[in-house]
Amino acid sequence: VKVLIIEDERKTADYLRQGLTEQGCSVDVAHDGIDGQHLAVHHDHDVIVLDAMLPGLDGFELLRSLRAVKNTPVIMLTARDGVEDRVRGLRAGADDYLIKPFSFVELFARLQALTRRGRRQEATLLRVGPLHVDLISRRVVRENQRIDLTAKEFALLELLARRQGEILSKTTIAELVWDMHFDSTTNVVEVAIRRLRAKMDTPFAMPLLHTIRGMGYVLEEREGAHPVRP
Amino acid sequence: MSRRSIALRLALMFSAVALAGFALIGFAVHELLARNLARHQQELVDDRIEDLDYMLVHGRSTDLADRVRDKIAALTGDGRTQYWLWSKDPAWQYGSDAARMAEATRTVQGSMLMPVGADMRQFAVAGRDIAPTAVHPPLRLVAGVDIAPITQILRSFEIRLLPVMLLGALLVAALSYRVARVGLKPVAQLSADARRIGPDTRQQRLRMVPLPLELDEFVGSFNSALDRLDAAYTQLESFNADVAHELRTPLANLIGQTQVALARERGAAELGEVLQSNLEELERLRTIVSDMLFLARAERGERASRCVQVSLAHELGKTVEFFDMLLDDAGVKVDVEGDAEALVETSLFHRAVTNLLQNAIQHAPRGARIHARISSKGGEAEVSVSNPSEPIPPELLPRLFDRFYRADASRPNSDANHGLGLAIVKAIAAMHGGRVFARSEEGLVTVGFTLALPEAAGPQVG
């Protein structure tokens, strides 16, 4: 995935570049609006991360001029979460926006959502190592053992399995499993993960569902992973 | 004169009133004088007639006609008096135009005004018939008095009255300006008082003691406005202190942990631990900052946009479903009753209901039942959540919605919500044109909010 980051704050740009590169993206960075506009117009990117407040040419202006020639998906970063900024951004043609302070996991999730659009393959059987999730019969089997899940537990596992190897934040999980679109401070997701883990991980030798402290959860088969107690 | 001085306005109004008063008095005096002068004029004419009448009635000498002429000549020497005598006998005729004068005065009672002589001066004239005697035939005696001195008096009175009146009005204006300035002195004093009030001297008020009645009420309301501002200011100050305090704990953890970690060589795993712990603290900071920004938006009067018409029971049900596992763990059940259709921004509605439910679960004992109710009346929908709880004193109920207020002081940093949960409910209610309420009765604590229904005050759809 080719990403262009247009952000004047060096520290932000640097960690975004590093983080996205390590997630397998190829990243271009521009530190002001003029450079940003040049790169955005003359090179092809899969997605652009655009700060609203930029020296030279402000984010909204840049977006407007970009939209005149191209439809590259754009995520706006704004420091103010007033409706005006949001509306202005969306009206100028932004596909999504994030309000500072945002978490990197959140940004990455949104980036993937934007680049995945339209090319999602609809698998009916998901595999994570020894774990098999059949989306049609709604059966979960691990090492020949049938695992009974409630509807919500199944929905949670399905999400984690579809996005295996990807860290999912609590906010993303709450959004996609329960349709709760806000930054919740409840520990609902923790409780749900604990329950799911108790059914599909704890009875087995190798843990598949991992907690990334402060970020979220990831379902993947890891070499040399140790059993985790709930 | 766009900014008018009160003293100047008072002075102008007083002098206008004075001018009107003077005019009234002047008019009355003028009328009185004119009437007196008219009577005086009548008397003068009567006296002139009287002067000759006696002679004509009682005179018996044969040369009476000559003596009368002499007498008339003596009386009219100053030119201010004129006599006419008319009879059929030419010997008893005197004055030019005597026949006309005799005829003219016959038709009026008292005196009349006539132009007399070559210079046509105004004379007051009156006539009298004198019965015949042995020495003369029937006569008509007419006397006239020049009224110029009398009209002169009236004229000069009029001429003097006008400047005196204007001068008086000016004097009144000047005096009342001075008086008003003196009377308004307390206002200047109040303004001096007010000038001394600033952020550092918020406790100061305008002095009440020696004030005129009229200013009493004003100063009272002004002082109570200052009281309200002072209270808001104090609240803001303590709020800032609260924010600083909330941020201090995670910051201290971050700094301390990082310093301890860097004080020695550490393995990658150990450093990873520290970073993860730091990240948790940072997440906490982020949540507080985001929530504060959210509250600030609501405070600025921002309204919910992206509203859709939904069944509140349906949305509430979704939120309860979100809590299912948590409720199960806490051994608490929730029942939902009632429904209403309303225009809401669903994510905000979910957030408000989540915070209410979270609050209820936190305070409900194990095995309790939580009631979520929806009703609509009088142009608003009401959503409330009740849970069995220790009663809350009525004076503390409104404070539940204060930022960082925690009824349970023993859990100052329970990581859920940072004490902003119900403040956010209040903000969301305000964004939908509603308000919040809290009740504590019969072992149940009920907390809820209202939403304006579209007919009453529809939130803008945008």
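Before anything else, a cut-off for my notes: I call a residue buried when its relative accessible area is under 20%, exposed when it is over 50%, and partly exposed in between. I also keep in mind that this is a predicted model.

**Entry 1: the helix.** I started with H2(A). Which of its residues are buried? I found A:Gly33, A:Gly36, A:Leu39 and A:Ala40. They span an arc of only 130 degrees around the axis, so they sit on the same side of H2(A). I reminded myself that an α-helix has 3.6 residues a turn, so residues three or four places apart point the same way.

What do the buried residues of H2(A) pack against? I listed strand S1 (2-6), strand S2 (26-30), S3 and H3, which belong to chain A. Then I checked the N-terminal end of H2(A) and found A:Asp32 capping it. A side-chain oxygen of A:Asp32 lies 3.0 Å from the backbone nitrogen of A:Ile34.

Entry 2: I moved on to A:Asp44, in the loop between helix H2 (33-42) and strand S3 (47-51) of chain A. It makes a salt bridge with A:Lys70, with 3.0 Å between the closest N and O atoms. A:Lys70 is in the loop between helix H3 (59-67) and strand S4 (74-78), so I noted a link between distant parts of the chain, 26 residues apart. Are the two partners buried or exposed? A:Asp44 is exposed at 57% relative accessible area, while A:Lys70 counts as buried at 16%.

**Entry 3: over to chain B.** Next I looked up B:Arg435, which forms a salt bridge with B:Glu380 at 2.6 Å between the closest N and O atoms. B:Arg435 lies in the loop between helix H10 (421-431) and strand S10 (436-441), and B:Glu380 in strand S9 (residues 380-388), so the pair ties together parts 55 residues apart in sequence. B:Arg435 is partly exposed, at 42% relative accessibility, and B:Glu380 is partly exposed too, at 22%.

I also noted a salt bridge between the side chains of B:Arg439 and B:Glu441, at 3.7 Å from N to O. B:Arg439 comes out as partly exposed at 33%, and B:Glu441 as partly exposed at 45%.

**Entry 4: the wider search.** Which residues are linked in a network of salt bridges? I wrote down A:Arg194, A:Arg195, B:Asp328 and B:Asp329. Searching the whole structure, I got 45 salt bridges over all chains.

Note on methods
Residues numbered from 1 in each chain as written. Chains lettered and ligands numbered in written order. Predicted model: local features only at pLDDT ≥ 70, side-chain atom pairs only at ≥ 80, totals over all residues. Heavy atoms only, no water. Salt bridge = Lys/Arg side-chain N within 4 Å of Asp/Glu carboxyl O. Helix = DSSP H or I, 4+ residues; strand = E, 2+ residues; numbered from the N terminus. Buried < 20%, exposed > 50% of the residue type's maximum accessible area, 1.4 Å probe, protein only. Arc of directions from axis to C-beta. Contact = heavy atoms within 4.5 Å. Polar contact = N/O pair within 3.5 Å; in protein donor to acceptor, adjacent residues only side chain to side chain.
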